[in-house]
Number of protein chains: 2
Amino acid sequence: MSDTCCEGCNRPDLPWAGRGTDLPISGCRFTLYPMCDNFIDIILGGLECVDTSAVWSETDALSTVYRGKLDYVMDAVSALFASAWTEGVHMAIEGQVSKGCPGDVSGDSKLTYEGEAPNRAIVEAATQPCLCKLALYPMGVGDYIDDIARVWRMAEDRGLNPQTIHYATRIEGSIHDVFAYLTDVCKLMEASESVHHYVLHFTINVNSPTVE
Amino acid sequence: MSDTCCEGCNRPDLPWAGRGTDLPISGCRFTLYPMCDNFIDIILGGLECVDTSAVWSETDALSTVYRGKLDYVMDAVSALFASAWTEGVHMAIEGQVSKGCPGDVSGDSKLTYEGEAPNRAIVEAATQPCLCKLALYPMGVGDYIDDIARVWRMAEDRGLNPQTIHYATRIEGSIHDVFAYLTDVCKLMEASESVHHYVLHFTINVNSPTVE
């Protein structure tokens with residue numbers, strides 16, 4: 001067990017601010033929160049609908065992590081949220097998507113899957129409205145605010161009505177559109193020449209009882 | 001509305017990687033998730049017990065933000081979680097504590113409060129066990145992994161049994177001890193000579209039905 005952010009971070013042969021092992025592994029650690037007595041049934045029911053064969057997966061008492069290729073990871077997470085959606089039930093998901101931690105390890109991932117994302121049909125059909133807040137952390141660079149500004153404009157261009165709130169950006173749209181945007185933010189970071197390690201935190205909720 | 005992470009980030013007179021306005025404002029944006037049908041009653045019941053007079057507060061449909069002096073902010077957040085705790089109810093809180101965003105603004109805060117934290121008695125009595133995962137992001141610096149390693153060891157020294165998981169660190173302890181640790185991680189960052197902007201994300205849950 002290393003005393004760092006990710007397993008293996010403490011390897012002296014890896015630069016602290018580099019892309020670490022340069023592995024093509026993206027990951028999402030997330031938790032689903034259905035605010036109802038039968039939350040277990042809703043989570044299990046959602047999981048039954050989702051094909052997770054394209055990702056590596058592990059669940060503990062706090063969260064679940066999917067690791068693999070970015071598109072498949074986000075396909076699985078968004079399909080789970082869409083599948084768990086229940087009429088009238090206030091539900092949230094919080095998660096962090098990340099790639100490039102200096103000490104990430106080659107294990108605990110699936111990188112062999114090819115072809116269309118297995119849950120594409122579920123995700124395409126997820127037109128229910130949702131609210132989202134997000135915070136992007138490009139690590140190890142001084143000009144991280146520029147990237148944050150870039151993805152803010154990207155939300156604006158897509159009609160997701162971005163609003164700046166303390167410590168985060170709020171957007172709104174369909175479950176499909178919001179997850180597509182989050183995925184593209186990650187792609188922008190993964191294609192960056194300067195950012196070698198990023199983390200994107202997000203919270204999405206549906207059927208909120210709060211009147212604004 | 002600026003197109004950046006915090007209101008005002010886009011001010012050209014502020015350095016991107018500096019402490020911004022150097023204001024002594026810490027903030028925590030958080031959401032409480034009681035997984036039960038009467039989640040509204042539990043949240044409102046918790047809020048009724050908490051004295052928020054030492055912080056500035058704002059709630060929207062996704063989360064609540066407290067801003068002010070760090071000790072009072074964390075006092076209010078931990079007291080809310082402790083007060084909302086209900087026998088047999090699985091409940092989580094997710095949040096982000098932050099200070100030093102380059103474009104933070106002087107408004108939306110309370111900095112005049114002095115003396116003992118108003119909810120100290122509630123927090124001291126919060127001995128219920130909880131699980132926590134956390135991820136620390138010292139922004140704008142190349143050696144951020146060193147800080148992450150430092151706070152990992154701090155958790156170990158306090159007997160919080162830190163475990164490295166992908167993208168986060170897990171700890172466990174009483175609600176009181178876990179929040180005291182999170183607060184001290186923030187204090188370490190706020191006393192740092194090199195880190196001018198940090199964000200600490202955390203998720204805490206109680207009464208988890210998951211057997212590990």
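Predicted model: local features only at pLDDT ≥ 70, side-chain atom pairs only at ≥ 80, totals over all residues.
Two copies of a chain are related by a rotation about an axis and a shift along it. The contact involves 73 residues of chain A and 73 residues of chain B. The size of an interface is often given as the accessible area lost when the parts come together. For chain A and chain B, about 6,300 Å² is buried between them, and 64% of this area is on carbon and sulfur atoms. On the chain A side, the residues that lose the most area to chain B are A:L62, A:H166 and A:Y167, which together account for 15% of what that side buries.

In β1(A), both faces are covered. One side carries A:S26, A:C28, A:F30, A:L32 and A:P34, the other carries A:G27, A:R29, A:T31 and A:Y33, and all of these residues are buried. β1(A) is joined to two strands of chain A. With β3 (residues 64-68) of chain A, β1(A) runs antiparallel and is joined by 5 bridges; A:G27 has A:R67 as its bridge partner in β3(A). With β4 (residues 91-99) of chain A, the arrangement is also antiparallel, with 8 bridges, and A:Q96 in β4(A) is the bridge partner of A:R29.

Strand β5 of chain A, residues 129-138, is mostly covered, with 9 of its 10 residues buried. β5(A) runs antiparallel to β7 (residues 168-174) of chain A, to which 6 bridges join it. β5(A) also runs antiparallel to β8 (residues 198-206) of chain A, in this case with 8 bridges. A:L134 takes part in both pairings: its bridge partner in β7(A) is A:T169, and its partner in β8(A) is A:F202.

Helix α2 of chain A comprises residues 70-84. At 1.5 Å a residue, its 15 residues should span 21 Å, and this agrees with the 21 Å between its end C-alpha atoms. Of these 15 residues, 14 are buried, so α2(A) is largely enclosed by the rest of the structure.

In soluble globular proteins, nonpolar side chains tend to be buried together. The largest nonpolar core of the model holds 115 residues, of which A:L182 and B:L182 touch the most other members. Residues up to four places away in sequence aside, A:L182 touches A:M74, A:C132, A:L134, A:L200, A:F202 and A:I204. Another core, of 8 residues, lies apart from the largest one and includes A:F39, A:A92, B:F39 and B:A92.

A:I171 belongs to strand β7 of chain A. With a relative accessible area of 1%, A:I171 is buried. Its contacts, not counting residues up to four places away in sequence, are A:L131, A:C132, A:L134, A:A155, A:L160, A:N161, A:P162, A:V178 and A:Y181. A:Y181 is 10 residues from A:I171 along the chain, and their C-alpha atoms are separated by 9.9 Å.

In chain B, B:C186 is part of helix α5 (residues 175-190). B:C186 is buried, at 0% relative accessibility. Beyond its neighbours within four places in sequence, B:C186 is in contact with B:L70, B:V97, B:Y198 and B:L200. B:N38 is 148 residues from B:C186 in sequence, and the two are 33 Å apart in space, C-alpha to C-alpha.

Most residues other than glycine have a negative phi, and most peptide bonds are trans. A:N161 is not a glycine but has a positive phi of about 50 degrees. The residue is found in the loop between α4 (144-157) and β6 (163-165) of chain A, and is partly exposed, with a relative accessible area of 38%. For B:N161, phi is also positive, near 50 degrees. B:N161 is found in the loop between α4 (144-157) and β6 (163-165) of chain B and counts as partly exposed at 38% relative accessibility.

Terms used
Residues numbered from 1 in each chain as written. Chains lettered and ligands numbered in written order. Heavy atoms only, no water. Buried < 20%, exposed > 50% of the residue type's maximum accessible area, 1.4 Å probe, protein only. Helix = DSSP H or I, 4+ residues; strand = E, 2+ residues; numbered from the N terminus. Pairing = 2+ DSSP bridges. Expected span 1.5 Å × (residues − 1). Core = buried A, V, L, I, M, F, W, Y, C linked by side-chain atoms within 4.5 Å. Contact = heavy atoms within 4.5 Å. Buried area = accessible area lost by both parts, 1.4 Å probe.
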